Amino acid sequence: MEQAVSRGYWLMLQNCHLLVKWLVELEKHLDKLSKPHPDFRLWLTTEPTPKFPIGILQRSLKVVTEPPNGLKLNLRNTYFKIPGQAFTDCPSDAFQSLVFVLAFFHAVVQERRKYDKIGWNVSYDFNESDFRVCMQILDTYLSKAVVNNDPKLPWGSLKYLIGEVMYGGRAIDDFDRRVLRTYMDEYMGDFIFDTFQPFYFHRTEEVAYYIPTANQEQAPPGGLPIKETALEYIESLPLTNTPEVFGLHPNAEIGYYTKSARDMWEQLIELQPQSGEASGGMSRDEYIDNTAADILKRIPGPYDTSKVWKQFGGANILPTSVVLLQELDRFNNLTTTMSKSLTTLRRALKGEVGMSNELDDLSRALYNGQLPPMWRRLTPATKKNLANWMDHFLRRNQLYSGWIDNGEPNVVWLSGLHIPESYLTALVQATCRKNGWPLDKSTLYTQVTQWETLEDVNERAHQGCFVTGLYLEGASWDVHRSCLTRQKPKVLIQELPVMKVIPIESHKLKLQNTFRCPVYVTSDRRNAMGVGLVFEADLATHEHISKWILQGVCLILNTD
């Protein structure tokens, strides 16, 4: 580096995100530079990382490379970077068509990121190197098949290496890997060369997405090289495309724009002046004080957990009742924190005590109608605003008090539990204890009933339990046929009828025409740490499960 500084060379340091600690030393070295050669340039390449030194960023010109926006531009960008000779190096006739399939798949998995959580639970950085390595894999395996005179293509190996190892190796979420496997099953197989039923990725009256070198109905013009034939077809595609090309419902685009508008609105609320008068000529402090006083009136008193423990059997307490006690402990912790923080805030507004950072955050949240951070840490995950969250909070209190007064409810409001999976685990545990089953060889399966509301249920489950508070996203539920059906336009979520959860021995569970649907706490689904998944529900379907997998169908416990 010293030589480059003194002689005016250009120096490139690649993959700086792999050694962020050393960049601190680099920053100090750059600070000490005096009279560098005017031709000296330092290039740094890195993936996005929050630990990159701010000092280096501030003095740098930043260039960001991102995949083009849109399926057409993504495909064109991929094909432009493939050398023309690469199409003729492989002796297999299927190679050119499979390269286009791979390029289409590469564009699709990148474009799904646009639709946030309904596309991928975790946003992945699929990049050009993934495509290049997979293209080499195609070349190697297809050439080997030609050398061995094997008429069958090694679909199993190709789908595993591309979908599970290369692209799937980046996916850290099981349901995201399931999406990749489904794309492999939909895009790779002997059916793409079928002359009687030509293969289409997606087809409408306006546009058809197909393989230009393998579709007999859409024969390309003769005389053009393979690469130019594909590029000519790519240029004929529209610049914009609907979510249906990726297997998603058109409603996915509505959800994407709704989320963008909500995020923008939340930022505008944060930017509004935090002083002056609120609505109705009331000062900011008066508005916050009135809001705090109103919430204080609605906070219930703490539960006596020792009394509840004795009421439900003491030492012989059932597993589900243990869950209730744990829920009450967490609820008491929340109500105590709410009462203390609001009382202290009101005193601080009057000048009786000093205003701390936590109290300042609390006052800002109350003024903006948002859930305060100190409360959010003690409550189930939620995306509700303060008003909606208070309704949810009071309904939770009704669930607990009803459980104490009348025993375990016939229908459990699963959304009201702080840790809903603990109740389901206790349910399996109680059933195994009753029937003498081994706990590690037991599981749950679900049935959606005909009862649409909690009030319709007039009996108690003889085995398992009834649960409510589940919302279906990505599909609709046909009550009369008791199966999944296509989502209605502009209806993003639908409340599911009452569901029956039944513990069963694993070896006895044989399900057909059933979609294993993930159940999440909120519409944020599951994060990179695996937090957010509650359990998997079994939903009946009369269509192939690949449709629901690609549409990102899931159940959530809390609406926004």
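Biologist: Why does Lys 35 count as exposed?

Modeller: Its relative accessibility is 83%, and exposed means over 50% relative accessible area, buried under 20% and partly exposed in between (1.4 Å probe, protein chains only). Lys 35 therefore counts as exposed. This is a predicted model, in which local features need pLDDT of at least 70, side-chain atom pairs count only at pLDDT 80 or more, and totals for chains, interfaces and linings use all residues. Residues are numbered from 1 along each chain as its sequence is written, and side-chain values use heavy atoms, with hydrogens and water left out.

Biologist: Where does Lys 35 lie?

Modeller: In the loop between helix 2 (20-31) and strand 2 (41-44); helices (H or I, at least four residues) and strands (E, at least two) are DSSP runs, numbered from the N terminus. Lys 35 is not a glycine, yet has a positive phi of about 55 degrees.

Biologist: What makes Asp 116 partly exposed?

Modeller: Asp 116 has 31% relative accessibility, so it counts as partly exposed. This residue sits in the loop between helix 6 and helix 7, and its phi is positive too, near 60 degrees.

Biologist: How do you know that Thr 78 is buried?

Modeller: Its relative accessible area is 7%, so Thr 78 is buried. Thr 78 belongs to helix 4 and touches Ala 103, His 106 and Phe 131, leaving aside residues up to four places away in sequence; contact means heavy atoms within 4.5 Å.

Biologist: Which residues of helix 7 are buried?

Modeller: Among them are Phe 131, Cys 134, Leu 138 and Ala 145. Their cover includes helix 4 (71-80), helix 5 (86-89), helix 6 (95-111) and helix 8 (155-166).

Biologist: What angle do helix 14 and helix 17 make?

Modeller: Helix 14 (residues 319-349) packs on helix 17 (residues 386-406) at about 140 degrees, with the axes 11 Å apart. That makes helix 14 oblique to helix 17, because angles under 35 degrees count as roughly parallel, over 145 as roughly antiparallel, 65 to 115 as roughly perpendicular and the rest as oblique. The axes are lines fitted to C-alpha atoms, for helices over the stretch in contact, and angles run from 0 to 180 degrees between N-to-C directions.
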